[in-house]
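My notes follow in the order I made them.

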Amino acid sequence: MGNILETKLPVAKLVEKLTEWLTHTFSGVFNFLQTIGSYIMDWITNVLLFINPLLFIVLVTAAVFFLAKKKWPLATFTFLGLLFIYNQGLWEHLINTFTLVLVASLISIIIGIPLGIWMAKSTTVRQIVNPILDFMQTMPAFVYLIPAVAFFGIGMVPGVFASVIFALPPTVRFTNLGISNISTELVEASDAFGSTPRQKLLKVELPLAKNTIMAGINQTMMLALSMVVTGSMIGAPGLGREVLSFQQLMLVLVLFLGWLWLFWLLF
């Protein structure tokens, strides 16, 4: 019995063989996704870079001003922060970072909201998905770089892939929470008026769960942004690459400035 327990299970070899099988079998799919993803993100980046930086700063400041219900502090901070980044010659890196966070957040939202709705509607799905989400949230961010590099190589696409895995759980959980916590009386009232499942979802459940879902989306965007530096380790461009380069060169002052720019983006 002791010899059996002391025998090392070949887990590493099994994982290595599984990874090799997936990479070889689905190489065409991964190459297609890499090509399409790179094209889309390059196109978004080029479009944003085509816009004059000062005009872009004015437009973003105006958008923040109205989104903040015409309050000046956040808009002023946004304006000064963008001007500072432009002054430091990091505008292109900022656009690359914005593209990565935008694409990763959109993919997470597109996957997360329907999955959260499905969890709220099905106990079986909830029992299956919850342990997976727990596993995803307990793993360190660096772990997600391994399958990203194995399947997609290096560059923007694996950075987005790793960011999506890391940032997806909050949207799924908050959507499930928002819909599950809706008063049963309201749901029964909509049923009494003859609402179809689609009408009940679109006109009752989603509007009532909107604030909770938006909180999940906010957390997803923050987690996607937090992967910027980690993603730069596998070739993702942006401000994270600058922070990583400065960190490797032990330039403490410039490293602090890089984290300051990322801190500004969080707000």
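**Entry 1: surface patch**

I noted the ground rules here. This is a predicted model: local features need pLDDT of at least 70, side-chain atom pairs count only at pLDDT 80 or more, and totals for chains, interfaces and linings use all residues. Residues are numbered from 1 along each chain as its sequence is written, and side-chain values use heavy atoms, with hydrogens and water left out.

Which helices supply at least two residues each of the patch? I found helix H2 (11–25) and helix H3 (27–50). H3 provides the largest share, eight residues. Helices here are DSSP runs (H or I, at least four residues; strands are E, at least two), numbered from the N terminus.

I then checked Tyr39, which sits in H3. Tyr39 counts as exposed because its relative accessibility is 60%. The scale is: buried under 20% relative accessible area, exposed over 50%, partly exposed in between (1.4 Å probe, protein chains only).

**Entry 2: nonpolar core**

Next I went inside. The largest nonpolar core has 28 residues, and Met41, Trp91, Leu94 and Val160 touch the most other members. H3, helix H4 (53–67), helix H5 (72–87), helix H6 (91–121), helix H8 (145–152), helix H9 (156–180) and helix H12 (210–226) each give two or more residues to this core. H6 gives the most, seven residues. A core is a set of buried Ala, Val, Leu, Ile, Met, Phe, Trp, Tyr and Cys residues joined through side-chain atoms within 4.5 Å.

Why does this core lie between domain 1 (49–88) and domain 2 (90–266)? Both domains give residues to this core, so it lies between them. The domain bounds come from an automatic or database assignment.

**Entry 3: salt bridges**

I searched the whole structure and got two salt bridges. The criterion is a side-chain nitrogen of Lys or Arg within 4 Å of a carboxyl oxygen of Asp or Glu.

Glu205 pairs with Lys121 at 2.6 Å, N to O. This pair links distant parts of the chain: Glu205 is in helix H11 (residues 197–208), Lys121 is in H6, and they are 84 residues apart. Is Glu205 buried or exposed? Glu205 counts as buried, at 4% relative accessibility. Lys121 counts as partly exposed, at 45%.

Asp134 pairs with Arg173, and their closest N and O atoms are 2.3 Å apart. Asp134 is partly exposed at 39% relative accessibility. Arg173 is partly exposed too, with a relative accessible area of 23%.

**Entry 4: buried positions**

- Ser163 is in H9 and counts as buried, at 1% relative accessibility. Its C-alpha is 9.4 Å from that of Thr220, 57 residues away along the chain.
- Val125 is in H7 and is buried, with a relative accessible area of 10%. Val125 and Leu115 are 10 residues apart in sequence and 8.9 Å apart, C-alpha to C-alpha.
- Leu82 is in H5 and counts as buried, at 3% relative accessibility. Leu82 and Val58 are 24 residues apart in sequence, with 9.5 Å between their C-alpha atoms.

**Entry 5: annotation against the model**

The unreviewed UniProt entry annotates "transmembrane region" at residues 47–67, 74–91, 97–120, 141–168, 213–236 and 248–266. Positions are in the numbering used here, feature names are shortened, and annotations may be inferred rather than shown by experiment.

I checked two of these ranges. Residues 74–91 are 83% helix and 0% strand, with the end C-alpha atoms 20 Å apart. Residues 141–168 are 75% helix and 0% strand, with the end C-alpha atoms 13 Å apart.
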